Amino acid sequence: MTQEWRWIRSGYGSPAYNMAVDEAILTAHGEGAAPPTVRFYGWNPPTLSIGYFQKAKEEIDFDALEREGIGFVRRATGGRAVLHDKELTYSIIVSEDYPGIPRSVTEAYRVLSEGLLLGFRKLGLAADMVQLESEEDKSKYESMGSAACFDSPSWYELVVEGRKVAGSAQTRQKGVVLQHGSILLDLDADQLFRLLRFKNERIMERMKQQFLRKAVAINDLLRSVGQPPAGLAQTEEAFLAGMAEGLGVKLVPGELTTYEQELAERLAEEKYGNEEWNLRR
């Protein structure tokens with residue numbers, strides 16, 4: 001019998017609230033108070049999120065954020081800076097001891113990203129999971145240390161039409177795996193790089209060109225193969241079907257419990273909406 005997981009379609013949320021909901025579901029699931037969950041959401045306003053380990057003041061231009069009306073939040077997961085705008089953001093929350101979830105982070109990433117792979121294929125794109133085993137593989141997708149997320153490879157890289165499209169990050173807490181990431185419909189690399197700090201223009205330009213060689217959005221890819229661009233609804237449908245198939249589960253529409261909702265509101269206020277958390281490094 002097919003296992004049932006909860007699917008939540010949250011719509012647009014504030015930066016602090018989006019991150020708080022992911023953590024609230026993780027906590028509730030760890031306590032046995034919520035089922036494994038796949039969630040789709042968007043960002044209002046468009047937001048720059050940074051990884052848990054990044055140094056906010058050194059790497060981010062806060063004046064530029066304010067000028068361009070961009071929100072800001074630190075994630076609980078690692079990785080680099082991501083500009084969340086024209087995208088579908090997903091999160092998957094499941095217990096570490098759920099059948100079929102590998103112990104190793106990289107293997108779990110491969111399993112949980114299977115649904116992403118299928119989602120891209122359902123949009124008519126050639127998607128593959130590349131195992132970065134050789135030094136040659138790694139150098140092909142390697143970063144020169146830019147703060148932007150899409151150029152830091154894991155052992156498995158999700159590559160669509162030869163380029164990286166979904167930036168995903170993972171954390172494990174309380175016996176639960178949280179993986180979340182961006183499925184880009186459109187990408188404004190110029191804006192992203194305006195929000196980051198660099199020693200000089202030349203370095204910024206070099207990093208941006210390198211980023212653009214690797215990172216690409218769904219609609220750029222669709223246009224390059226002669227297909228019409230995809231809207232949010234079509235993308236969501238493709239990835240919902242892909243996730244269910246990739247995880248081998250039935251995704252049943254659901255809502256946050258009262259407990260999760262209250263916990264998320266508290267976390268948004270006390271943690272993710274708080275400078276102490278966001279500027280802690």
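Axes here are lines fitted to C-alpha atoms, for helices over the stretch in contact, with angles running from 0 to 180 degrees between N-to-C directions.

This is a predicted model, where local features need pLDDT of at least 70, side-chain atom pairs count only at pLDDT 80 or more, and totals for chains, interfaces and linings use all residues. Residues are numbered from 1 along each chain as its sequence is written, and side-chain values use heavy atoms, leaving out hydrogens and water.

Take helix 1 (residues 15–30) and helix 11 (residues 258–272): their axes come within 8 Å and cross at roughly 130°. Helix 1 and helix 11 are therefore oblique to each other. Helices (H or I, at least four residues) and strands (E, at least two) are DSSP runs, numbered from the N terminus. Contact means heavy atoms within 4.5 Å, and residues of helix 1 that meet helix 11 include Ala16, Tyr17 and Met19. On the helix 11 side, Tyr259, Glu260 and Leu263 are among them.

**Inside or outside?**

Buried means under 20% relative accessible area, exposed over 50%, and partly exposed in between (1.4 Å probe, protein chains only). Here are three residues sorted that way:

| Residue | Relative accessibility | Class |
|---|---|---|
| Ser95 | 15% | buried |
| Leu112 | 0% | buried |
| Lys174 | 52% | exposed |

Leu112 sits in helix 4 (residues 105–112). Leaving aside residues up to four places away in sequence, Leu112 touches Ile92, Val94, Ile101, Gln170, Val177, Gln179 and Leu247.

Ser95 belongs to strand 6 (residues 87–95).

Most residues other than glycine have a negative phi, and most peptide bonds are trans. Lys174, in the loop between strand 10 (166–173) and strand 11 (176–184), has a positive phi of about 55° although it is not a glycine. The peptide bond from Asn44 to Pro45 is cis, with omega near 5°, and Pro45 is in the loop between strand 2 (37–43) and strand 3 (47–50).

Methods
Parallel < 35°, antiparallel > 145°, perpendicular 65-115°, else oblique.
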